[in-house]
Amino acid sequence: MTLVQVVVSGLLIGGVYALLASGITLVLGVMKVVNFAQGELLMVSMYATLLLNDGFGVHPYVALPLVTVGMFLVGLVLHGGLLRWTISGGHSQQIVLTLGVAISLQSLALLFLGGDYRTLQMEPFLGGSLQVGGISIGTTRLAAFVIAVVATGALLLLLDRTLLGKAIRATAMDSNAAQLMGIPVQRVYLVTMGIGVALAGTAGAALMPIFSVYPTVGVHLLLMGFVVVVLGGLGSVAGAFLGGLIIGVVEAVSSYLISASWSQAIVFAFFMIILLVRPQGLLRGDVA
Amino acid sequence: MNPTTREAPVTEPDKVSAARAAGTALVRHRHLVLWLLSLPVLGLLVAITATSELFYGHLIVITMVFAALATAWNIVGGFAGQLSLGHAGFFGVGAYTSSILYVDHGISPWIGLFVGMVLAGLMALLIGIPTFRLHGPYFALATLAMGAILLNMAVNFRELTGGEGGLSIPFEPSWANMTFADRWPYAIIMGIFLLICLGVSFVIANTRLGYQLAAVREDEEAARALGVNSARVKLIAGTVSGLLAGGVGAIYAQYILFINPESVFGINVSIQIIVLAVVGGSGVVLGPLIGALILVPASQFLLRDFGGDLPGLHTLVYGIVVIVVVLFAPRGVHGLIRSTVERLTAHRSRR
């Protein structure tokens with residue numbers, strides 16, 4: 001394996017980190033809530049994709065839009081049923097609430113689906129891999145990356161070009177002022193949470209053909225997501241995309257040059273340095 | 001207005017007023033009463049541990065372990081309001097320090113306990129200097145990352161820590177080795193350490209430092225404007241908290257006699273500590289203890305009775321209880337008890 005090959009595969013997986021992180025960063029930017037359940041919501045989406053495939057023979061890329069819509073609804077329920085009651089509370093209260101959701105989802109997965117590692121069995125997608133200039137690119141990874149680019153692009157368009165996007169951005173900047181301008185802030189929160197969780201759904205479905213799923217799979221991915229969020233700048237979707245690619249490459253290169261088991265520690269050390277040196281992240285902005 | 005009309009009626013029978021006086025004395029000196037009660041309670045728990053079946057002994061010791069950890073966390077997470085998500089790091093440093101000193105160098109765990117506490121405190125100080133500059137979610141994320149780095153170090157420094165395989169502590173029972181065949185000596189040691197944690201917590205809460213921490217928690221800017229050195233008080237709280245958590249780790253390692261990175265440094269440990277403190281009532285001395293008394297036995301019973309058939313049920317309880325508490329009793333069970341008592345006494349005085 002050459003270094004170029006490593007960088008490419010890091011970039012591709014970085015797209016999925018970006019997708020997970022943009023859900024976190026959107027909710028954080030608009031609602032000022034750190035969603036610690038995002039990793040477990042991703043886990044739920046992975047299981048949903050797997051079960052749709054095992055039970056009904058639905059191809060994961062067909063399941064992807066279904067899971068995304070399903071998770072959007074989950075997000076609405078999560079907000080309407082739980083989070084909305086703590087919006088006026090402090091950070092600690094919200095963090096602990098989402099931790100509670102994370103613990104519950106993880107336990108439920110273990111309870112009903114067991115602790116085994118499960119992988120999705122499917123025909124090699126488009127022949128399994130492509131050869132480009134001596135580099136081999138896994139098609140499922142490439143598909144995940146393309147999905148991430150499309151989803152991020154769609155989200156940016158939504159935020160930039162639509163009335164809803166304008167309302168979301170206004171709420172992120174100053175929720176009181178937005179309320180005074182006649183924006184239904186509570187409904188914006190609801191939709192934002194829906195979109196945030198839907199992004200976990202997209203990421204989960206895209207990831208399922210690549211990774212194994214097990215009840216605690218979300219823990220590691222959530223940590224990566226947080227690293228990306230902080231690197232990209234809290235609340236910045238474009239930053240999250242850039243950050244995702246960087247973290248994907250840093251992880252891949254450090255596990256190639258040093259060792260796979262050290263790569264995590266290196267990513268987190270990188271994270272600490274960013275937090276301390278440039279806590280505003282790469283791109284600063286109120287959502288977009 | 002004539003001031004004499006506001007005097008209390010003197011027609012009350014002497015018996016009632018005496019009882020009321022005794023009542024107010026009890027309330028006024030409730031801390032003293034609780035501290036005096038703590039030793040017989042500890043004695044009783046040790047007696048139960050010594051006489052009952054293994055499971056109940058384990059239940060008592062493990063509840064003490066988590067009560068002490070949550071009490072230690074509360075000093076920084078509750079009093080100072082800094083949501084640390086990396087407290088397993090200090091627990092793990094204490095556990096690994098005493099275990100490595102004992103297994104590799106034959107140094108008594110009693111000395112290891114103190115070395116572990118000092119190292120964990122030192123680590124808390126070193127981590128605190130940069131991270132306490134961060135606020136709100138940034139601080140939580142930074143401590144989460146610190147915990148993850150420590151976990152990775154424990155996995156990767158294989159020659160020192162045994163890596164993923166963990167460390168087994170030789171079973172050579174004696175007081176000098178802090179290793180026992182029975183559970184009651186552990187109940188004594190852990191019980192005393194829990195009382196130390198509660199005592200330190202009580203002293204901090206009722207002295208200048210505690211008031212300064214509360215001021216920082218409520219409004220850091222305002223506290224600084226009033227002359228509170230917020231960086232310094234947070235560092236002191238963090239160091240004391242880390243020190244105590246490290247001590248719990250060393251005793252826990254001697255009790256379980258086997259540690260691995262996931263069991264002491266794992267993010268689940270950090271989260272469990274927070275859940276206990278928040279459910280009981282963070283920011284008050286007895287809150288974490290109450291949380292541990294409710295949740296740890298509940299989850300241990302579920303683990304014993306359903307662990308084989310229904311894995312995950314014992315952690316599901318943690319998740320659901322913490323959601324319910326955050327939504328319906330944000331000040332925890334302690335806050336719930338207090339407001340109920342206040343409502344009852346207010347009702348009585350109105351009659």
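Residues are numbered from 1 along each chain as its sequence is written, and chains are lettered from A in the order in which they are written. In this predicted model, local features need pLDDT of at least 70, side-chain atom pairs count only at pLDDT 80 or more, and totals for chains, interfaces and linings use all residues.

**Exercise 1.** Describe the side of chain A that touches chain B.

Solution. 
- Start with the count: 36 residues of chain A are in contact (C-beta atoms, placed from the backbone, within 7 Å) with 37 residues of chain B.
- Next, find the elements. α4 (91-113), α9 (217-232) and α11 (260-277) of chain A each give two or more residues.
- Helices here are DSSP runs of H or I, at least four residues, numbered from the N terminus.
- α4(A) gives the largest share, 15 residues.
- Last, sort by class: 25 nonpolar, eleven polar and no charged. Gly counts as polar; Asp, Glu, Lys and Arg count as charged.

**Exercise 2.** Work out how α9(A) lies against α10(A), residues 237-257.

Solution. 
- The axes (lines fitted to C-alpha atoms over the stretch in contact) come within 8 Å and cross at roughly 125°.
- Residues in the contact include A:Met224 and A:Val227 of α9(A), and A:Leu242 and A:Ile246 of α10(A).
- The classes are nine nonpolar, four polar and no charged residues.

**Exercise 3.** Judge the confidence in chain B.

Solution. 
- Where pLDDT is low, the predicted coordinates should not be read in detail.

Technical notes. Contact = placed C-beta atoms within 7 Å. Axes fitted to C-alpha atoms, helices over the stretch in contact; angles between N-to-C directions. pLDDT = per-residue confidence, 0-100.
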